[in-house]
Amino acid sequence: MGRNEETTVLAYSIRRTLAAIPVMLVVALFVFSMLYIAPGDPATLIAGEYATPADVEEMRRTLGLDRPFLIRFAEWTWRLLQLDLGESIFSNRPVSQLIAQRMEPTLSLMAVTL
């Protein structure tokens, strides 16, 4: 490849990368918004069947569900950029740990499939 072709490939790669950023933001906003679209209240689910309204409100405060949508989205995006995926509401373990735990079988299946 000549110098001119390398410059063209680099410029193309940079343009494509920059064009992907808005798409990733829209997808992230959609994924985050699914919490509001889904029926039910996560705080009620986590607090349990016999929780009092005060317990549910405390859980909402603990989870940050009492804060405005855009502030929560900004905090979620910032943690996502730092690869902090939070904790599972079902196992109380870090989500990154749960993903890592399932990585080996997934890669094995992928290798066999290829």
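Asn92 lies in the loop between H4 and H5, and its phi is positive, at about 55 degrees, although Asn92 is not a glycine. The model described here is predicted.

- Asn92 has a relative accessible area of 57%, and because the cut-off for an exposed residue is over 50%, Asn92 counts as exposed.
- Leu83 also has its place in the loop between H4 and H5.
- The phi of Leu83 is positive, at about 65 degrees, and Leu83 is not a glycine.
- With 69% relative accessibility, Leu83 is classed as exposed.

- Helix H5 covers residues 95–113.
- H5 contains 19 residues and spans 26 Å from its first C-alpha to its last, close to the 27 Å expected at 1.5 Å a residue.
- Where in H5 does a kink lie? A kink of about 40 degrees is found at Met103, shortly before the proline Pro105.
- Pro105 has its place in helix H5 and is partly exposed, at 46% relative accessibility.
- The C-alpha atom of Pro105 is separated by 36 Å from that of Arg15, and the two residues are 90 residues apart along the chain.

**A nonpolar surface patch**

- Leu80, Leu85, Ile99, Met103, Leu107, Met110 and Leu114 make a nonpolar surface patch of about 670 Å².
- Which helix gives the most to the nonpolar patch? Helix H5 does, with 4 residues.
- Ile99, one of the patch residues, is placed in helix H5.
- The relative accessibility of Ile99 is 42%, so Ile99 counts as partly exposed.
- Met103 belongs to the patch and is also the residue at which the kink in H5 lies.

**Salt bridges**

- Side chains of opposite charge can pair when their charged atoms come close.
- How many salt bridges does the model contain? The count comes to 3 salt bridges.
- Asp41 and Arg60 form a salt bridge in which the closest N and O atoms are 2.9 Å apart. Asp41 lies in the loop between helix H1 (3–37) and helix H2 (42–47), while Arg60 lies in helix H3 (residues 53–63), so this pair ties together parts that are 19 residues apart in sequence.
- Asp41 is partly exposed at 25% relative accessibility, and Arg60 is partly exposed at 24%.
- Arg61 and Glu58 meet through their side chains in a salt bridge, at 2.8 Å from N to O. Both residues lie in helix H3, 3 residues apart, which is about one turn of the helix.
- An α-helix has 3.6 residues a turn, so residues three or four places apart point the same way.
- Arg61 has a relative accessible area of 44% and is partly exposed; Glu58, with 40%, is partly exposed as well.
- Glu75 forms a salt bridge with Arg67, with the closest N and O atoms 2.4 Å apart.
- Glu75 is partly exposed, with a relative accessible area of 29%, and Arg67 is partly exposed, with 36%.

**Aromatic rings**

- How many aromatic pairs are there? The count comes to 4 aromatic pairs.
- Phe32 and Phe69 form a tilted pair, with 5.4 Å from centre to centre and 55 degrees between the planes. This pair links distant parts of the chain, since Phe32 is in helix H1 and Phe69 is in helix H4 (residues 69–81), 37 residues apart.
- Is Phe32 buried or exposed? Phe32 has 8% relative accessibility and counts as buried, because buried means under 20%.
- Phe69, at 26% relative accessibility, counts as partly exposed.
- The rings of Phe32 and Trp76 have their centres 5.2 Å apart and their planes at 40 degrees, so this pair is tilted. Phe32 lies in helix H1 and Trp76 in helix H4, so the pair ties together parts that are 44 residues apart in sequence.
- Trp76 is partly exposed, at 22% relative accessibility.
- Ring pairs link Phe32, Phe69, Phe73 and Trp76 into a cluster.

Technical notes. Residues numbered from 1 in each chain as written. Predicted model: local features only at pLDDT ≥ 70, side-chain atom pairs only at ≥ 80, totals over all residues. Heavy atoms only, no water. Salt bridge = Lys/Arg side-chain N within 4 Å of Asp/Glu carboxyl O. Helix = DSSP H or I, 4+ residues; strand = E, 2+ residues; numbered from the N terminus. Buried < 20%, exposed > 50% of the residue type's maximum accessible area, 1.4 Å probe, protein only. Patch = residues over 30% accessible without salt bridge, like charges linked within 9 Å, V, L, I, M, F, W, Y side chains within 5 Å. Areas by Shrake-Rupley, 256 points an atom, 1.4 Å probe, with all protein chains shown as cover. Expected span 1.5 Å × (residues − 1). Bend = angle between axes of the 7 residues up to and from the residue. Phe/Tyr/Trp six-rings, centres within 6.5 Å; stacked < 30°, edge-to-face > 60°.
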